[in-house]
Amino acid sequence: MGEITILHYLVVAAALFAIGVVGVLTRRNVIIVLMSIELILNAVNLNLVAFSRLYGLHGQVFSIFVITDAAAEAAVGLGILIAFFRNKETVNADEIDLLKF
Amino acid sequence: MFFLDHIWMVPLLPALGAALMFFFGRSLSKRAVSVICVGVVVVAFLLSVGAVWQFTHYTAANHHAPYEKSYYTWLGSGTGHLTYTGSGERPAEFRANVGILLDPLSSVWLLFVTGVGLLIHIYSIGYMGHEGGYYRFFGYMNLFMFSMLTLILGNNYVLMFVGWEGVGLCSYLLIGFYFQRKSASDAANKAFLVNRIGDAGFILGIFTIAWYFGSVQFTTVTEIARAHPAWLNNPVITLATLLLFVGACGKSAQIPLYVWLPDAMEGPTPVSALIHAATMVTAGVYMVARSNALFVLAPRTMMVVAVIGASTAIVAALIGLVQNDIKRVLAYSTVSQLGYMFLACGVGAFAAGVFHVFTHAFFKALLFLGAGSVIHALSGEQDMRNMGDLRKKIPTTFWTMMVGALAIAGVPGLAGFFSKDEILWQTWSAQHGTYRFLWYLAFITALMTAFYMFRLIYLTFYGESRVSPEAEHHIHESPRSMTLPLILLALGAIFAGYLGLPRSLGGTNRFEHFLAPVFEPGAEALRAAETASDPGVPVGTKAPGAAEGHESAEYVLMGASVLAALGGIFLAWKSYAKAQKDYREPIAAASPPLYDVLYNKFFVDEFYNTVFTGSLKLGDKRLGVMGASEFLGDVDRTIIDGGVNGAGWLTRFSGRMSNVWDKWIIDGLVNGLAWVTSFFSYVTRLLQWGQLQWYALVMVVGLAGFVAYYVWR
């Protein structure tokens, strides 16, 4: 096995990102969609951490911010979702269409 | 001081009786009604006698102070909500208490109102025994007693006004007691409306006093007025007293407001005796006497009072000469005697006026109750043309009425002689003869009084019987409950006068002495003011000092009034003592037009109808005051209302225009803009199909597109 280069990281991150995007676009359950968004964010984190090896610690600091942001976003998202569930008794994305023309 | 401390029960007991009749009267038996309603008046009378007796001790021990007690503040509470600025920038607060004032003046009224009232209540048991609405009658009577006693005992003008209105209401209710008769309900309305005119004057007088004196309490107002002798001829006080006298004119049936009293005879006879002869109609005299401190400061008002009193006396006596309804004769006699009382007040002899009120209460109640007994005996006949020769058939009624007639005619030895003579003497001597011209009117009235009273006696009890055959069968002496009050009142009509036996006849005039604390201080203060200023000013007060020197003149006048009385009786005897079935009125024989004018009461009712109520019509428009008010009403409806309505219409029209502009032009602009926007945005709106994940896909594809573009550019 050769040395683990930055490329490996980027490949893993790209894979995570792709999985996340596919999850966001295809899954009906909004909870899964939220989890997929977490995957996308973590792909970004992985990129930041990987590049911090070349360009200093800024990337790692940013990844901390992103984690915080992710937690906040998850809390707000789940909160909205619970409130919505109380009204419509569903968490399916295709049934959330109140703004439809 | 039990009675004095519980004097508040005197008005409240009849109120209780009235309340019981109001709530339970319908279900009570006649016996129970009599026991309750007469019982409360008996207790009230006994309490009054006790209270006056204790009052004489109280006042003797307190330098002639009146007994006054306020129970609570009724209007105005010391919270400063009813404050105003009185005359001379003095701050004042409108405040009326519920309180009692017992002084010699109210004592006199208290005694004869409860006493005569009691006798009339007893009489009513017999008189109203066969009538429907027995409990209603007694309820009203008790309510009347309550109001009258409130009027008498109240310690301020406002409370007096409450009683004043209360007696007016009871008068209305009792005149209209036989309400199924149109004439009775019309008479009740007339009495109520005419009294309203007087009451308007009275209440304006109260406001004037409240404004000028900062108080409505009798003692305070009297005190302030007596402390300012310099207020003689003060215009505000003159105005206030004139307004008060307007009220007195209404209640006590003086010209020009006397027209209601003769019509008030539509009520049951005990009502006429109690309300329209003995008590209520003397309320005006009471009010004037109560305000004597103000009246003596307004000599011009005094002159008005004296002239109106004397004119009323003679006008009513003239009308009374020719009336045929027995009760109407007595009604005009009452108006005439009330004129005497006001004449006395006007010349400053308040005590003489009050004395006449006192004696008049006895003999006039007696005469009315006697007339009621006659009517009762004749099954409701009131026309003297259908009477005659009754003296043997109803002897008790005859003898008691004889006493009453002798008393009112002024035959020496009976009550009316002393009081009427006192008034005549005071009119002659007051203020060095200023009012002597009124004495002639009063003297002729005295002669006419004797004439019409004995016309009544002779037509009713002497001559040939003109009674209809049906009524002839039923003639019977009245039951004991009716004759007993007659006898007691007759005793009063004989002996009440001796309370005021004048000095010239060896008496001490105890009555005037008793009233002195009420009337003397003002007279003294004014005598001082009179000597200090111009002695020629006519002051509305008598000067007793001057009276002492004229004893011989007093004897001459006394002889003259005795001659007048006897002359009147003689003339009546000559004309009527042997009245046949088709007897002729001597006045009609002497001068038919004069008889016509007198018989039609000087056409005053017709005059009032023409001038005020507008019986005269031009086309379908009324004339007179009513017509004028209707014309003003039309002006109001067409021109004033037309202006207002036109302005309203114009406003509405311009509003509607503005509405159209706003709705179509302004709103049209805004809505049009919105419509244009929405029209052009239709295509873009179609993209909003609501699928969240499709939006995300579009984003991702777009992002990918951009990335691809920048990477492979």
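**Two chains and the packing within chain B**

In this predicted model, ten residues of chain A are in contact with eleven residues of chain B. On the chain A side of this contact, seven residues are nonpolar, three are charged and none is polar.

Strand β1 (residues 67-75) of chain B is joined to β4(B) by seven bridges, and the two run antiparallel. Within this pairing, B:Tyr72 stands opposite B:Val98 of β4(B). Strand β4 of chain B covers residues 96-102, and six of its seven residues are buried, so the strand is largely enclosed by the rest of the structure.

Two helix pairs come next. Helix α5 (residues 134-153) of chain B packs against helix α6 (residues 157-175) of chain B at an angle of about 155°, and their axes are 7 Å apart. Angles over 145 degrees count as roughly antiparallel, and α5(B) and α6(B) are therefore roughly antiparallel to each other. The crossing of α5(B) past α6(B) is left-handed. Residues of α5(B) in this contact include B:Tyr140, B:Leu143, B:Phe144 and B:Met148; on the α6(B) side, B:Leu159, B:Trp164, B:Val167 and B:Cys170 are among them. By class, the contact of α5(B) with α6(B) has 13 nonpolar and four polar residues, with no charged ones.

The second pair is formed by helix α16 (residues 350-377) of chain B and helix α18 (residues 415-429) of chain B, whose axes come within 9 Å and cross at roughly 155°. That angle makes α16(B) roughly antiparallel to α18(B). Here too the crossing, of α16(B) past α18(B), is left-handed. From α16(B), the residues that take part include B:Phe355, B:His356 and B:Phe362, and those from α18(B) include B:Lys420, B:Glu422 and B:Ile423. This contact of α16(B) with α18(B) has six nonpolar, five polar and two charged residues.

Some loops of chain B hold backbone details. In the loop between α9 (235-251) and α10 (260-263) of chain B lies B:Pro256.

B:Asn233 is in the loop between α8 (218-227) and α9 of chain B. Its phi is near 70°, a positive value in a residue other than glycine. With 13 other C-beta atoms within 10 Å, B:Asn233 is partly exposed.

B:Ser379 sits in the loop between α16 and α17 (395-409) of chain B. Although B:Ser379 is not a glycine, its phi is positive, at about 55°. B:Ser379 has 15 C-beta neighbours inside 10 Å and so counts as partly exposed.

Notes:
Residues are numbered from 1 along each chain as its sequence is written. Chains are lettered from A and ligands numbered from 1 in the order in which they are written. This is a predicted model: local features need pLDDT of at least 70, side-chain atom pairs count only at pLDDT 80 or more; totals for chains, interfaces and linings use all residues. Axes are lines fitted to C-alpha atoms, for helices over the stretch in contact, and angles run from 0 to 180 degrees between N-to-C directions. Helices (H or I, at least four residues) and strands (E, at least two) are DSSP runs, numbered from the N terminus. Angles under 35 degrees count as roughly parallel, over 145 as roughly antiparallel, 65 to 115 as roughly perpendicular and the rest as oblique. A crossing is left-handed if the near helix is turned anticlockwise from the far one by less than a right angle, and right-handed if clockwise. Two residues are in contact if their C-beta atoms, placed from the backbone, lie within 7 Å. Ala, Val, Leu, Ile, Met, Phe, Trp, Tyr, Cys and Pro count as nonpolar, Asp, Glu, Lys and Arg as charged, and the others, Gly among them, as polar. A residue is buried if 20 or more other C-beta atoms lie within 10 Å of its own, exposed if 12 or fewer, and partly exposed in between; C-beta atoms are placed from the backbone. Two strands pair if DSSP finds at least two bridges between them.
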